[in-house]
Amino acid sequence: MRAVAKRKSRPGYSHKEGEDQIGQKGDPSVLDAGLIAGAQGVEHYEIEVYGSLRTWAARIGNSFAVSLLDETLQEEKDADHKLTQIAEQSVNREAAGASA
Ligand SMILES: [Fe+2]
């Protein structure tokens, strides 16, 4: 018997939610902070998925898949890091000032 894991949904933010958020009214810096937080949620989800797939590929000895997944995993981590930098260097500060 073959086991198949299927994930129907994930917690957090979706691309649809991001699209819905674009165009909302409000302070732009607060909206930007929300978009960045949502985008980071997507990156974290992708890191989780690619990390698991990488682990499974290694387990079955598929070095080609491991190599590709390592590359993809690093891209996701880099994107998350860039989003953190953008948030911490400007957007979060501006958003906090908007509500003060
Ligand atoms: Fe990503």
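Gly61 comes after helix α2, and its phi is positive, near 80°. I start there and then go back to the helix itself. Please keep in mind throughout that this is a predicted model.

Helix α2 covers residues 28-59, which is 32 residues. From its first C-alpha to its last it reaches 46 Å, close to the 46 Å expected at 1.5 Å a residue. Which residues of α2 are buried? They are Ala33, Val42, Glu43 and Tyr50.

Now the chain as a whole. The protein chain has three helices and zero strands. Read from the N terminus, the order of elements is α-α-α. Buried residues make up 8% of the 100 residues in the chain. As for contacts with a separation of 6 or more, 63% of them are between residues 24 or more positions apart.

A word on confidence. The mean pLDDT of the protein chain is 88, and 82% of the residues reach 70 or more. Where is confidence lowest, and where is it highest? It is lowest in helix α1, residues 15-21, at a mean of 71. The highest value belongs to α2, at 96.

Next, helix α3, residues 63-99, and two of its residues. Asp80 is placed in this helix. Leaving aside neighbours within four places in sequence, Asp80 is in contact with Gln40, Glu43, His44 and Ile47. For one of these, Gln40, I have a C-alpha distance: the C-alpha atoms of Asp80 and Gln40 are separated by 5.8 Å, although the two residues are 40 residues apart along the chain. Is Asp80 buried, exposed or partly exposed? Asp80 counts as partly exposed because it has 18 C-beta neighbours inside 10 Å, and a buried residue needs 20 or more.

The second residue is Leu83, also found in helix α3. Why is Leu83 partly exposed? Leu83 is partly exposed because 19 other C-beta atoms lie within 10 Å, and the cut-off for buried is 20 or more.

Definitions and conventions: Residues numbered from 1 in each chain as written. Predicted model: local features only at pLDDT ≥ 70, side-chain atom pairs only at ≥ 80, totals over all residues. Helix = DSSP H or I, 4+ residues; strand = E, 2+ residues; numbered from the N terminus. Expected span 1.5 Å × (residues − 1). Buried ≥ 20, exposed ≤ 12 C-beta atoms within 10 Å, placed from the backbone. Contact = placed C-beta atoms within 7 Å. pLDDT = per-residue confidence, 0-100.
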